[in-house]
Amino acid sequence: GKATVVQQSVYQVNFTISGITTGSLTVSFGGATSTTSYSANGSYVFATLAESTVGNLAFTPSSTFDGTISNETFKIVIGPTLPVFRILDTNGNPVIEMRSSSSTLANTFIGVGAGELNSLGSNNVAIGTNALPNNTSGNYNSGLGNNALFSNTTGSSNSAQGFGSLKNNTTGSANTAQGYQSLYFNITGSGNTAQGLDSLELNTTGSGNTAQGEYSLLSNTTGSNNSAQGEQSLFSNTSGSNNSAQGGQSLFSNKTGSNNSALGYSAGYGDSVTPNQRSVVDNFMTFVGYQASRDASIASTTALSNGIAIGKNARVGCSNCVVLGGTGADAVNVGIGTTSPFAKLSVSLNASDTLAYAFLISSTTAATATTTLMTVLANGNVGIGTTSPSGVLSIQSGSTGIANFTIGTSTIYNNFDILGTGH
């Protein structure tokens, strides 16, 4: 039916759907329409801010809707505070409004509808059309821009700058949103920081996330304690937590994986066109370098854990593995003690080094019992069973009657033995 309503007041519409097997319906009242399509039996509550002075309470069914609507009621929940100053356009519509509060509340509200329902909230600043319009008792909030912190009621210490930033937040606190629709769908999540267009846009209850860059952590809903820096970093993450991605498109495809680290453009995402190079469900993985990723030989649906890929196009294909560099043109030499490694592994000792050994292999049988198996000194002498080889090759067993050097495989006869503890 038709009803005269108070513009910019909040109304509650109650109704029941029964007997539905197909189709859906939407509800409109006071010039506003529900964003939800109701398609199941049950009792529903639709709360809306009346946008016009006269509006129809209307239920609009789809062409296949076969249910019954009953128990329709509506009531005003709370009315707006009238502005103390208003500028109208030539048609008599408000374009600027200012609202005051008591000196003890210390609020500043400038803009059409800004802070109009505030009753107990203090130290809030809202500038822009419908900025903080539904706040009732939230404190220390700052909303700058059209619809900034639109739904906030009791949440406190939030800062929203940009159209629609933190629009759906109700009770979440200590959030910072800067950019168009940043943290747009956040409801109760707290301690989030979003900077950039649509950053953390879909977050609802996730907390402690940091997103810097356009579309960073865009799909996150419940994941917490993630850090994304760079355009589209952690773009697809939904519930994964404790991830760190720095660089454009880093960990782009991660959805539920947790405790991963990626540093570099497309790190953890690979070449962006090979599906199995994309980290989706992996945990405790580390990718460092341009397009460093998991290897395509392992399906992206198979979770890897505790793997490390370092270097341009480095690929790791197993858990608990470390890969340095890529293959082919991206292969690298590794140097220890040298700035110009000439082999896959180059180890060099300099005169100024305090280390005695260039290379050493040992076995540990107890916490304090270590046996040296092989040693290479800076002069090139190699010792097996000794840490002080006196010749090019020194072999010691340390036990009388034990062969120091054996050629052959027979367990009965040795082709060549040097017995004792000498060299």
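**Patches, pairs and a charge over a ring**

Mentor: Let's start with the nonpolar patch: at least two of its residues come from β9 (85-88), and at least two from β10 (94-99). Strands here are DSSP runs of E, at least two residues long, and helices are runs of H or I, at least four long, both numbered from the N terminus. Keep in mind that this is a predicted model, where local features need pLDDT of at least 70 and side-chain atom pairs count only at pLDDT 80 or more, while totals for chains, interfaces and linings use all residues. Residues are numbered from 1 along each chain as its sequence is written, and side-chain values use heavy atoms, leaving out hydrogens and water.

Trainee: What makes the nonpolar surface patch, and which strand gives the largest share?

Mentor: Val84, Phe85, Ile87, Val95, Ile96 and Met98 make it, at about 480 Å². β10 gives the largest share, three residues. Patch members have over 30% relative accessible area and no salt bridge, with nonpolar side chains joined within 5 Å (like charges within 9 Å). A salt bridge would be a Lys or Arg side-chain nitrogen within 4 Å of an Asp or Glu carboxyl oxygen. Areas are Shrake-Rupley, 1.4 Å probe, with only the protein chains shown as cover for residues.

Trainee: How many aromatic pairs does a search of the whole structure find, and what makes Phe163 and Tyr180 stacked?

Mentor: There are nine pairs. Phe163 and Tyr180 sit 5.5 Å centre to centre with 15° between the planes. Centres within 6.5 Å make a pair of Phe, Tyr or Trp (six-membered) rings, and planes under 30 degrees apart count as stacked (over 60 edge-to-face, the rest tilted), so this one is stacked. The pair links distant parts of the chain, 17 residues apart: Phe163 is in the loop between β14 (159-161) and β15 (176-178), and Tyr180 in the loop between β15 and β16 (193-195). Phe163 is partly exposed at 35%, and so is Tyr180 at 40%.

Trainee: Which residues form one aromatic cluster?

Mentor: Phe15, Tyr38, Tyr44 and Phe59.

Trainee: How do you know that the charged end of Lys167 sits over the ring of Phe150?

Mentor: The distance to the ring centre is 5.5 Å.

Trainee: How many helices and strands does the protein have?

Mentor: Zero helices, 31 strands.

How values were computed: Buried means under 20% relative accessible area, exposed over 50%, partly exposed in between (1.4 Å probe, protein chains only). A charge sits over a ring if NZ of Lys or CZ of Arg is within 6 Å of the ring centre and within 35 degrees of the ring normal.
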